[in-house]
Amino acid sequence: MSARTGKPSSGRGWSRRRGIEAFTSPSVMSFQQLQAEVAALVRADEISRRRWACDRPDCDGLPHTGWLHNHARAAQRVPAWAWTVWMLLTGRGWGKTRTAAETVKEWAKTPGLQIAVVAKNATLVRDICFDSPKSGLLAVIPPEDIARYNSSLGETSIRLRNGTVIRGFGAETPDNLRGWAFDKAWCDEYAAWSRNTAQDVYDMLWFCLREADTPQMLISTTPKPLPHIKRLVERGRRQEQRQQEGGDAPRVVLTRGHMRDNDANLSPAARAELDEQYAGTRLGRQELSGELLEDVEGALWQGWMLEVEGFRQNRENLPDMERVVVAVDPATKSHENADHTAFTVAGRGWPLTTAYGDNRPRGYVLHAEQDRFTPTAAMRRAAELYHEYQADCVVIEANNGGDYLPALLQEVDPRVSWRIVHATRGKRARAAPVAQLYEQSRVHHVGPARLFAELEEQMTTFVGQGETEDSPDQLDSMVWALWDLFLDPSMPTPRQGIDRRLAARR
């Protein structure tokens with residue numbers, strides 16, 4: 001009976017009151033008892049925080065009844081059926097690393113397992129997969145379960161008290177895995193592995209799993225349109241299709257996701273910065289949305305050419321430029337529906353370091369832009385870029401009545417050197433040799449991805465279908481710049497280390 005209302009108290013309210021009364025009053029506890037009580041509460045909260053996956057369908061990972069802390073979203077739970085490869089093909093910040101580490105932790109509860117963790121190199125496997133303070137293995141495995149942790153570039157491993165061993169490997173060479181036998185494996189950032197060895201390392205890892213009772217491989221990666229990624233994704237898609245047609249559940253499981261899926265655990269300031277930097281760009285669709293960007297049939301440039309290691313460079317890491325040009329693809333008209341006038345600044349230099357003995361000169365695309373200009377404004381902008389980048393020459397395409405532009409450039413700024421080029425071949429025929437330079441990894445884009453968003457979109461979608469295709473203005477100007485630097489037989493052959501007047505020009 002309630003003293004205030006005279007009505008019977010609810011069983012739930014009475015039970016809560018009795019529970020509260022059962023707590024010992026801090027006023028009658030000794031200091032040691034109080035310390036022990038606080039320590040117990042802290043420990044209970046830590047255990048609660050370590051819990052990972054609830055059973056609520058479609059859970060968004062936020063706290064709910066019985067779960068006081070953020071935890072796994074439904075998409076981060078291990079597939080409920082028998083699978084061999086689980087591929088987390090998601091955007092940056094989605095929670096791939098934490099999901100993979102939690103999965104390894106669950107695997108490791110089985111005594112005596114041998115688990116491989118493979119990343120791009122030994123440093124990354126240690127710093128990201130093992131030592132990452134929020135999502136690494138040491139952050140999710142309870143310390144009391146660890147018998148020994150060995151952290152070195154020669155060997156990174158965790159030995160658990162139940163006999164399970166988790167070993168880290170770099171993916172630099174398949175032979176790193178030769179001779180080992182494992183039960184499970186985690187491959188981190190598979191798309192970032194060297195495209196020359198990634199498939200071989202993957203195959204070798206499966207040889208290491210050949211004796212396991214239930215071999216499983218978890219792959220966590222931001223997708224890139226590379227052959228070893230596309231091959232595995234295609235397997236998963238075919239198996240998904242068969243399941244939709246009434247077949248078995250896929251053995252290669254694809255989980256896709258966007259960075260925003262994990263908003264509750266991300267910094268708002270960091271999200272805003274990433275959105276500003278990448279939103280609306282080809283790279284943003286890949287890095288934030290987790291899209292596997294498909295190649296356009298017939299396109300000269302394929303996505304992997306823009307994803308090879310070292311393709312994107314910072315200005316401070318560039319070699320001295322032997323020659324720098326500003327290429328202009330001018331519009332023939334300047335009304336509001338006219339084509340854009342496009343500018344590309346590119347340089348030629350010798351790389352500071354080389355791979356496989358390839359010491360040929362490299363091209364560096366330093367700047368790209370396009371807009372609608374009057375002819376005078378276009379030449380004024382060309383002169384500005386010429387001086388800003390200390391260029392040697394402005395290269396002007398003079399087809400369609402543009403022969404008057406050099407005279408206009410001289411009026412705007414008589415100090416600017418220039419040369420005229422005329423298109424004698426179709427766009428595709430002219431662009432094909434430049435695409436081969438990209439295929440050989442001899443051209444780099446310098447600066448933030450947003451600067452080249454439009455150019456790279458034109459590169460990866462241009463097939464050269466004539467009148468049925470929009471004019472790729474930025475692509476045209478980039479092609480003219482690289483023709484001048486590498487392909488024009490009328491230009492001097494590149495020579496290394498001769499003109500010291502050009503030292504330190506970047």
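## A helix with one buried face

In helix H11 (residues 405-412), Leu405, Pro406, Leu408 and Leu409 are buried. Buried means under 20% relative accessible area, exposed means over 50%, and partly exposed lies in between (1.4 Å probe, protein chains only). Helices (H or I, at least four residues) and strands (E, at least two) are DSSP runs, numbered from the N terminus. Seen down the axis of H11, the buried residues fall within an arc of 160°, so they line one face of the helix. The arc is taken from the directions that run from the helix axis to the C-beta atoms. An α-helix has 3.6 residues a turn, so residues three or four places apart point the same way.

The buried residues of H11 pack against helix H10 (375-388), strand S13 (393-397) and strand S14 (418-421). Contact here means heavy atoms within 4.5 Å.

## About the model

This is a predicted model: local features need pLDDT of at least 70, side-chain atom pairs count only at pLDDT 80 or more, and totals for chains, interfaces and linings use all residues. Residues are numbered from 1 along each chain as its sequence is written, and side-chain values use heavy atoms, with hydrogens and water left out.

## The sheet that includes S14

Strands S13 and S14 belong to an open sheet of 7 strands, in the order S9-S15-S12-S11-S10-S13-S14. The pairing is mixed. Two strands pair if DSSP finds at least two bridges between them. Strand S9 (312-313) and S14 stand at the edges, each with a single partner strand, so one side of each is left without a neighbour in the sheet.

S9 pairs with strand S15 (residues 443-446) in the parallel sense, over 2 bridges. Gln313 has Val446 of S15 as its bridge partner. Helix H13 (residues 453-461) packs on this sheet and touches S9, strand S12 (362-371) and S15. The direction of H13 makes about 105° with that of S12. Axes are lines fitted to C-alpha atoms, for helices over the stretch in contact, and angles run from 0 to 180 degrees between N-to-C directions.

## The sheet that includes S2

Another open sheet has 8 strands, in the order S3-S4-S5-S2-S6-S7-S1-S8. Its pairing is mixed too. Strand S3 (146-151) and strand S8 (252-257) stand at the edges, each with a single partner strand, so one side of each has no neighbour in the sheet. The twist averages 15° from one strand to the next.

Strand S4 (residues 156-160) and strand S5 (residues 165-170) pair in the antiparallel sense over 4 bridges. Thr156 has Gly168 of S5 as its bridge partner. Helix H4 (residues 122-130) packs on the sheet, touching S2, S3, S4, S5 and strand S6 (184-188). Its direction makes about 115° with that of S2. Helix H6 (residues 198-208) also packs on the sheet, touching strand S1 (85-90), S2, S6 and strand S7 (216-221). The direction of H6 makes about 155° with that of S7.

Val118 is found in strand S2 (residues 114-119). At 1% relative accessibility, Val118 counts as buried. Leaving out residues up to four places away in sequence, Val118 touches several others, including Val125, Phe169, Ala171, Trp186 and Leu205. The C-alpha atoms of Val118 and Ala171 are separated by 6.3 Å, although the two are 53 residues apart along the chain.

Thr197 sits in the loop between S6 and H6. Thr197 is buried, with a relative accessible area of 17%. Leaving aside its neighbours within four places in sequence, Thr197 is in contact with Ala171 and Glu172.

## Nonpolar cores

A nonpolar core is a set of buried Ala, Val, Leu, Ile, Met, Phe, Trp, Tyr and Cys residues joined through side-chain atoms within 4.5 Å. The largest has 64 residues, and Trp301, Tyr438 and Met478 have the most contacts inside it. Helix H14 (residues 473-487) gives the most to this core, with 9 residues. Apart from this core lies another, of 26 residues, among them Trp83, Trp107, Ala108 and Leu160.

## Aromatic pairs

The structure holds 10 aromatic pairs. Rings of Phe, Tyr and Trp (its six-membered ring) pair if their centres lie within 6.5 Å; planes under 30 degrees apart count as stacked, over 60 as edge-to-face and the rest as tilted. Trp180 and Phe182 are stacked, at 5.9 Å centre to centre and 15° between the planes. Trp180 is partly exposed at 32%, whereas Phe182 is buried at 3%.
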